[in-house]
Amino acid sequence: MEMSQIDGRMEGWLYTIRHNRFGLQFSRKRYFVLHDNNLTSFKSVPSDQNEEPDRRASLDCCIRVTDNGRESFHRKVLFIFTLYNTSNHLDQLKLGASSPEDAAKWIKSLQEASQKKFPFPDCEFVSHAEKGLVKFNVSRRSRRKNSVDWTNYSSVNVETHAPDVIAPSPWKIFGCQNGLRLFKEAKDWDSRGRHWDDHPAIMAVGVIDGTSEDIFNTLMSLGPLRSEWDFCFYKGSVVEHLDGHTDIVHIQLYSDWLPWLMNRRDVLLRRYWRREDDGTYVILCHSVYHKKCPPTKGYVRACVKSGGYVVTPVSKGKQSLVKHMVAIDWRSWNLYMRPSSERSITIRVVERLAALREMFKAKQGHGFAHEYVSGEFMGTKSCLSKINTIPQARRIDLELVKAEEMEKPSSARNSLMDLNDASDEFFDVPEPNESYEFDSLIDNSPFSQGHSQLKMPSPAGIVKKLQDLANNKKGYMDLQEIGMDEKRTFIYGATLQQDPNLSLPCSWSTADPSTFLIRGNNYLTDQQKVKAKGTMMQLIGADWIRSDKREDDLGGRLGGLVQEFAAKGGSEFFFIVNMQVPGSSMISLALYYMLKTPLEEHPLLQSFVNGDDAYRNSRFKLIPHISKGSWIVKQSVGKKACLVGHALEVRYTRGKNYLEVDVDVGSSTVARGVTNLVLGYLNNLVIEMAFLIQANTAEELPELLLGTCRLNYLDVSKSLKER
């Protein structure tokens, strides 16, 4: 039994992810039980509910859960998520599930548990960064006996999965073939009166008899299973694993299906994936350059402008609606290769979806458990898998400390380094198929050829690896890499120009509020959203700056827009949203909204401004919308409202006449992947956003937008350097 949800208890096997003394990660298998807001772990399945756990933790509003994506541990692909304390980021627990669906259910349940009111107000808490858990001392009698039904959430927190933006579809159907509907990206006629671009985006849509999870794993696999459905695919490998949601993959294509005399093709892709709340999987990719994978002799490197899959569960999860999209420049210089011929090749590529459908139909849902664990991470094998091949008796387990040690005062354990020096032999749950088919994969991998056995990494190699990790070197470069300008003088709140006529690049204006859908008067009963009719605040300025560090509290900077109003003694109140994007430089997009009426006239806003961070995180919402741009960016960003404080780290600064919300976009691997994709297309995008405070009660309804913005064709090279 991997996982179960019964009578408010969620339980199942998970893997704890730890670092050893060399800074390398390893995993241990443990049985976890989540009941109310109590999280406990066992070495084996507990015989009854009264069995004393080995470890325990309590979850409150300070505990956050982040999705870290997929990683390889001990030759097993796991889906990782991390619990951490917002007041002490060293206090964290990193866990892994064997499937993306299990990980999603644990993340959802843990998030819900952390938002429950903490039932032990008199407990003494001690933060133990070395355990990744929060200890609490409480008698059995004081534990709550009532359970929580994790499957039935309040209607206040349940949102439909329909978009929160009114916008036309970016696709137009042009045919049907092999049981697939074929679409092209909907665009206006070009200046020469043509309906088709030279390299149009093509989409195939079909229904497959399989779960979204199985289809996702099949699509991500670069192993032998892919040859059973992908007639274009010859060979593939992972060049670099960037994080749990992003990697660089190199794929060589068969030439048999290409036109006569056309040379073989390969592609080098930056691949990103995520799972939506409704079980939809999104896989997106585009071409990049990587220093470790230059063009290969005998191949012409094609350029994938955009591509990917969207897998949505239907028929109660038994089937999936799959969309496969590609826009590709085949880089053909031959005169015989007309645009119509290249378009035909692209259509042939998306027809792989029909082959995938037939493979699932033939397998009838059987035989996938081991096949799509393809060893695709073998191409990026690190010292991690080497160190995990040490005999079991010699393994150093730097797992959580023993239960009796939890009762010791924190002074008894000095630091994490002291703990790493301890050699505690610790029991790990063996896997039923510890080395079923990976041995052959390793034997055939380039890392094992010429070596009789895997060896421990040298100290010099470990030091270099840690230095590379510390420097966070970027080995790839987007094909649309952006330059930087030098320093320029500016005033906070006025570094990005305003353009009400929507004609100037790198400018801002307000967006039409009626584009966005918000909760209406009767939302608690009918779950219906309505068009927004206006905004509470006025957008009066914006910043587009870059710096070598985070730039927080822009509203408090002397000489800035907010402080100028404060110096005049006005009653205006300001709400500042500062979106911080990490990279080679920290880029900040700050939007300044002004409220002319007294704050007391807006009770919900006043509660938000004067509330604590937990309340603010549970209410502050963003609705994104890409009104102009490539379909791949529109797909990656989406059109659904998001509680920003639940997805990203947010810092709030309360000033005399303002509240600033500093959003760290880099705090989530999912958001970071989306942002990196957006930055590659930024010069060609029109981005619209709306901000609001979520209304949860009848008294707070209907919702009202705080403000909107429209960002026209931003350019990082035109951002201003912080002095």
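## Exercises on a predicted model

Asn178 is found in the loop that links strand E11 (171-177) to strand E12 (180-185), where strands are DSSP runs of E with at least two residues and helices are runs of H or I with at least four, numbered from the N terminus. This is a predicted model, in which local features need pLDDT of at least 70 and side-chain atom pairs count only at pLDDT 80 or more, while totals for chains, interfaces and linings use all residues. Residues are numbered from 1 along each chain as its sequence is written, and side-chain values use heavy atoms, with hydrogens and water left out.

**Exercise 1.** Describe the backbone and the exposure of Asn178.

Solution. Begin with phi, which for Asn178 is near 55°, a positive value in a residue other than glycine. Most residues other than glycine have a negative phi, and most peptide bonds are trans. Next take the relative accessible area of Asn178, which is 45% and makes the residue partly exposed; buried means under 20%, exposed over 50%, and partly exposed in between, with a 1.4 Å probe and protein chains only.

**Exercise 2.** Work out the strand order of the six-stranded open sheet, and then examine the pairing of E23 with E34.

Solution. The order is E22-E23-E34-E33-E29-E30, with mixed pairing, where two strands pair if DSSP finds at least two bridges between them. At the edges stand strand E22 (497-498) and strand E30 (642-643), each of which pairs on one side only. Within the sheet, strand E23 (residues 507-509) and strand E34 (residues 705-712) run antiparallel and are joined by three bridges; Trp508 stands opposite Leu711 in E34. Finally, look at the loop between strand E33 (686-693) and E34, which holds Pro702: the peptide bond from Leu701 to Pro702 is cis, with omega near -5°.
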